[in-house]
Amino acid sequence: MCAIDVGTIDFEREVLERSKTVPVVVDFWASWCGPCRALGPILEAAADARDGKAVLAKVDTDANQALAQRYGIQGIPAVKAFRDGKVVDEFVGVKPKAVVERFFDDLIPSEADQLVAAGDEASLRAALDLEPGNAAAGLALARLLVGRGETDEALVLLENAPRGFQADGLAARIALTRDGAVPEALAALDAGGPGSLDLLLDALPDAGDARDDVRRLIVGELDQLGPADPLARDVRRRLAAALY
């Protein structure tokens, strides 16, 4: 299958829903567009070469003007990649074959990424064997190790990982554990208790020298929850009030 023709009626099913299981690349084109005719075969060859790991859909902008407007198409060819129902990458105009190939490759999870998604310790270690610099694998494995008290190896992983709120938070958590600070809050966090962030917030005023580590740990946990999480929004507001 080189490509599927998609319109307004079936876009939801063929692109948005399908993209929850496999990346979908959408080519917004028109029959009168010379550059579109030049890019089309390059896109089709790239999709075919990936043997079902990515799907190519074509939207005729003349016949589906509402879709073109919905996705802000101002020039064609316009190519948008969908994953989990959302646009995750895009480009406009004709691109060389090598650029198109990289575009597709970036959409398809590597073997290491698939192992990270599995989430168990053996898979995470296998991912790091394949890609020693895989930040997601290192962070996830460090979190597992911290949870069971193996902080030495966790620190090595964090030192080799790119800096970020979650890595910084885990390092702070290790420091708090070693200093014997806020033990009740850390125990609740280890147990996955829903009130662990409340306990960490409550501990802030009397944390003394450990105050910054408590703050870093809270920020790291909020980053893991994500900005859209209702709990994260509430805790972020309360954290700002406690600090300032």
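Predicted model: local features only at pLDDT ≥ 70, side-chain atom pairs only at ≥ 80, totals over all residues.
Student: Which elements have the lowest and the highest mean pLDDT?

Tutor: Helix 13 (residues 230-243) has the lowest, 82, and strand 2 (residues 24-29) the highest, 97. The protein chain averages 91, and 98% of the residues score at least 70.

Student: How many disulfides are there, and which residues does the disulfide join?

Tutor: A disulfide is a covalent bond between the sulfur atoms of two cysteines. Here the count is one. Cys33 is joined to Cys36, with an S to S distance of 2.5 Å; the cut-off is within 2.5 Å. The link of Cys33 and Cys36 is right-handed, with 80° about the S-S bond.

Student: Are Cys33 and Cys36 buried or exposed?

Tutor: Both Cys33 and Cys36 are buried.

Student: Why do the buried residues of helix 11 line one face?

Tutor: An α-helix has 3.6 residues a turn, so residues three or four places apart point the same way. In helix 11 (residues 196-203), Ser196, Leu197, Leu200, Leu201 and Ala203 are buried. Down the helix axis these residues fall within an arc of 160°, so they line one face. Their cover includes helix 10 (183-190), helix 12 (211-225) and helix 13.

Student: In what order do the strands of the sheet run?

Tutor: Strands of a sheet pair through backbone hydrogen bonds, either parallel or antiparallel. Here five strands form an open sheet, ordered 1-3-2-4-5, with mixed pairing. Strand 1 (4-5) and strand 5 (86-92) are the edges, each pairing on one side only. Strand 1 runs parallel to strand 3 (residues 55-60), joined by two bridges, and Ile4 stands opposite Ala57.

Student: Which strands does helix 2 lie across?

Tutor: Helix 2 (residues 34-49) lies across strand 2, strand 3, strand 4 (78-83) and strand 5, at about 155° to strand 3.

Terms used. Residues numbered from 1 in each chain as written. Heavy atoms only, no water. pLDDT = per-residue confidence, 0-100. Helix = DSSP H or I, 4+ residues; strand = E, 2+ residues; numbered from the N terminus. Buried < 20%, exposed > 50% of the residue type's maximum accessible area, 1.4 Å probe, protein only. Arc of directions from axis to C-beta. Contact = heavy atoms within 4.5 Å. Pairing = 2+ DSSP bridges. Axes fitted to C-alpha atoms, helices over the stretch in contact; angles between N-to-C directions.
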